[in-house]
Amino acid sequence: MKIGVIGLGKMGKNIVLNLLDHKYEVVVNNRSPEPINELKKYGAIPAYSPEEFTEKLSKQKIIWLMIPADSVDKVISQLKPNLNKNDIIIDGGNSFYKDSIRRYNELSKLGIEFIDVGFSGGPNGARNGGCLMVGGKENKNLSKLFVDLSVKNGLQFFKSPGAGHFVKMVHNGIEYGMMQSIAEGFEILKNSKYKLNLEKVAELYNHGSVIESRLIEWTNLAYKKYGNELKEISGVAQESGEGSWTVKTAKEMKIKSKVLEDSLKARRLSRKKPNYQGKVITALRSEFGGHKL
């Protein structure tokens, strides 16, 4: 199978390397040429314009987008003149699910298939296999592609446009709440009278306790690198769109989401007044997603 990948940031680059390991032919395109040139050395087929990109794909074009949500419409509009009926666009980024529904409907009128994929696992998951939440019309011909990019049992298909991105959006909302809880707990531990070694606490929590998890593992790694004070870490906890999208969707559904709302407020508060909880969240985001410290 030949597949095109647009967007060669941390996630996109590693997806390309993963696909090359699985013996796919991969055509790559990016806004800047540097990552294209880098991946060319590993066997990817370079394309420096939308026209060259589509020319180098197979008759039925399969295109994976790994780009910011606010760039998806622009890139699709650039591709459309060179797309034909039965071509496939897969959006593997963090797009708002209602936008994915709209894109599905717009492209369906042209006979172009649009598939939304929520991809969890960060850069490491992109490189070695992640958790894939696939929405849209099921296409059996793409089953191997999704299996190759996922870990064992880390793939589910949800038969409705936008469903993959909806499931991923809620996943990220839950992530906000869990990370905020960890940040609050470790600030309490840090300020107790016991002068605890937080690296050891996190390591202990991650061996047999009820809260054992990948997030606690990353907490342990962060304290191992930066110590109790997390001195090198920013106290500003950044947010992506998906936390606020989840809260907004809950309100539309008239569902209470106090934990998610409070975790979102805490991140916004940290922008005005950087704090220790912000440091913990920033450290975690760096460990699993490679975000800036």
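**Buried serines, nonpolar cores and helix packing**

Ser 263 counts as buried, at 1% relative accessibility (buried means under 20% relative accessible area, exposed over 50% and partly exposed in between, with a 1.4 Å probe and protein chains only). The model is predicted, so local features need pLDDT of at least 70 and side-chain atom pairs count only at pLDDT 80 or more, while totals for chains, interfaces and linings use all residues. Residues are numbered from 1 along each chain as its sequence is written, and side-chain values use heavy atoms, with hydrogens and water left out.

Ser 263 is part of helix 12 (residues 258-272); helices (H or I, at least four residues) and strands (E, at least two) are DSSP runs, numbered from the N terminus. Leaving aside residues up to four places away in sequence, Ser 263 touches Tyr 176, Gly 177 and Gln 180 (contact means heavy atoms within 4.5 Å). Ser 95 is another buried serine, with a relative accessible area of 1%. Ser 95 sits in the loop between strand 5 (88-91) and helix 5 (97-108). The residues touched by Ser 95, again not counting those up to four places away in sequence, are Ala 69, Val 72, Ser 100, Arg 103, His 165 and Trp 245.

The largest nonpolar core has 30 residues. A nonpolar core is a set of buried Ala, Val, Leu, Ile, Met, Phe, Trp, Tyr and Cys residues joined through side-chain atoms within 4.5 Å. Val 16, Leu 19, Val 26, Trp 64, Ile 90, Leu 145 and Phe 146 have the most contacts inside the largest core. Helix 1 (residues 10-21) supplies the largest share of this core, six residues. In soluble globular proteins, nonpolar side chains tend to be buried together.

Axes are lines fitted to C-alpha atoms, for helices over the stretch in contact, and angles run from 0 to 180 degrees between N-to-C directions. Helix 8 contributes Met 178, Met 179, Ile 182 and Phe 186. These meet Leu 215, Ile 216, Thr 219 and Tyr 223 of helix 10. By class, this contact of helix 8 with helix 10 has seven nonpolar, one polar and no charged residues. Ala, Val, Leu, Ile, Met, Phe, Trp, Tyr, Cys and Pro count as nonpolar, Asp, Glu, Lys and Arg as charged, and the others, Gly among them, as polar.

Helix 8 also packs with helix 9 (residues 198-205), with axes that come within 11 Å and cross at roughly 135°. That angle makes helix 8 oblique to helix 9. The crossing of this pair is right-handed. Phe 186, Leu 189 and Lys 190 of helix 8 contact Leu 198, Val 201, Ala 202 and Tyr 205 of helix 9. Six nonpolar residues and one charged residue make up this contact of helix 8 with helix 9, with no polar residues.

Helix 9 and helix 10 complete the set. Their axes come within 8 Å and cross at roughly 160°. The two helices are therefore roughly antiparallel to each other. The crossing of helix 9 and helix 10 is left-handed. Helix 9 takes part through Leu 198, Glu 199, Ala 202, Glu 203 and Tyr 205. Helix 10 takes part through Ile 216, Thr 219, Asn 220, Tyr 223 and Lys 224. The contact of helix 9 with helix 10 has five nonpolar, two polar and three charged residues.

Two loop residues have a positive phi. Asn 86, which is not a glycine, has a phi of about 80°. Asn 86 lies in the loop between helix 4 (72-79) and strand 5 and is partly exposed, at 47% relative accessibility. Leu 230 has a positive phi near 50°. Leu 230 belongs to the loop between helix 10 and helix 11 (241-252) and is buried, with a relative accessible area of 1%.

Notes:
Parallel < 35°, antiparallel > 145°, perpendicular 65-115°, else oblique. Left-handed = near helix turned anticlockwise from the far one by under 90°.
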